[in-house]
Amino acid sequence: MTIIGWLVLGLLAGAVAKILLPGRDPGGPIGTTLIGIAGAFIGGWISSRWLDRPITSDFYDGATWAAAIGGSLVLLIIYRILFGHSRSRSR
């Protein structure tokens, strides 16, 4: 897959991660999108590096999608833990 393919996969993985973990994110939709893209790259790297599951060049490979969505979920959880309460919530 090319970089453009990974970006598209990251956008979609971020959307799936947001659906699986609903709620208000500190970064809003743009932050969630960036987390999805980073999660796709990190999930793919972890999958190929430590899980002995090389990432194929096929965009529709289930393992590639699972790695991207898993990476996005992990980053979204970490992001919420670190920055979830940093906004002031005055009304």
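Buried, on this tour, means under 20% relative accessible area, and exposed means over 50%. Keep in mind that you are looking at a predicted model.

**Stop 1: S72**

Select S72, which sits in helix 3, residues 62–83. Is S72 buried or exposed? Its relative accessibility is 1%, so S72 counts as buried. Now show the side chain of S72 and look for the backbone oxygen of A68: a polar atom of that side chain is 3.0 Å away from the oxygen. Next, bring up what surrounds S72. Setting aside neighbours within four places in sequence, the contacts of S72 are A13, G14, A17, I35, G36, G39 and A40.

**Stop 2: helix 1**

Move on to residues 3–20, which are helix 1. From first C-alpha to last, the 18 residues of helix 1 reach 25 Å, close to the 26 Å expected at 1.5 Å a residue. Colour G5, W6, L9, G10, A13, G14 and A17, the buried residues of helix 1. Then turn the view to look down the helix axis: these buried residues fall within an arc of 165 degrees, so they line one face of helix 1. An α-helix has 3.6 residues a turn, so residues three or four places apart point the same way. Which residues are exposed on the other side of helix 1? Select I4 and I19 to see them. As for the buried residues of helix 1, they pack against helix 2 and helix 3.

While you're here, click on V16. With a relative accessibility of 30%, V16 counts as partly exposed.

**Stop 3: helix 2**

Select residues 28–49 for helix 2. The 22 residues of helix 2 should span 32 Å at 1.5 Å a residue, and the end C-alpha atoms are 31 Å apart, which agrees. Its buried residues include G28, G31, G36, G39, G43 and G44, along with T32 and S47. The buried residues of helix 2 pack against helix 1 and helix 3.

**Stop 4**

End on I69: leaving out neighbours within four places in sequence, I69 is in contact with A13, V16 and L20.

Notes: Residues numbered from 1 in each chain as written. Predicted model: local features only at pLDDT ≥ 70, side-chain atom pairs only at ≥ 80, totals over all residues. Heavy atoms only, no water. Helix = DSSP H or I, 4+ residues; strand = E, 2+ residues; numbered from the N terminus. Buried < 20%, exposed > 50% of the residue type's maximum accessible area, 1.4 Å probe, protein only. Polar contact = N/O pair within 3.5 Å; in protein donor to acceptor, adjacent residues only side chain to side chain. Contact = heavy atoms within 4.5 Å. Expected span 1.5 Å × (residues − 1). Arc of directions from axis to C-beta.
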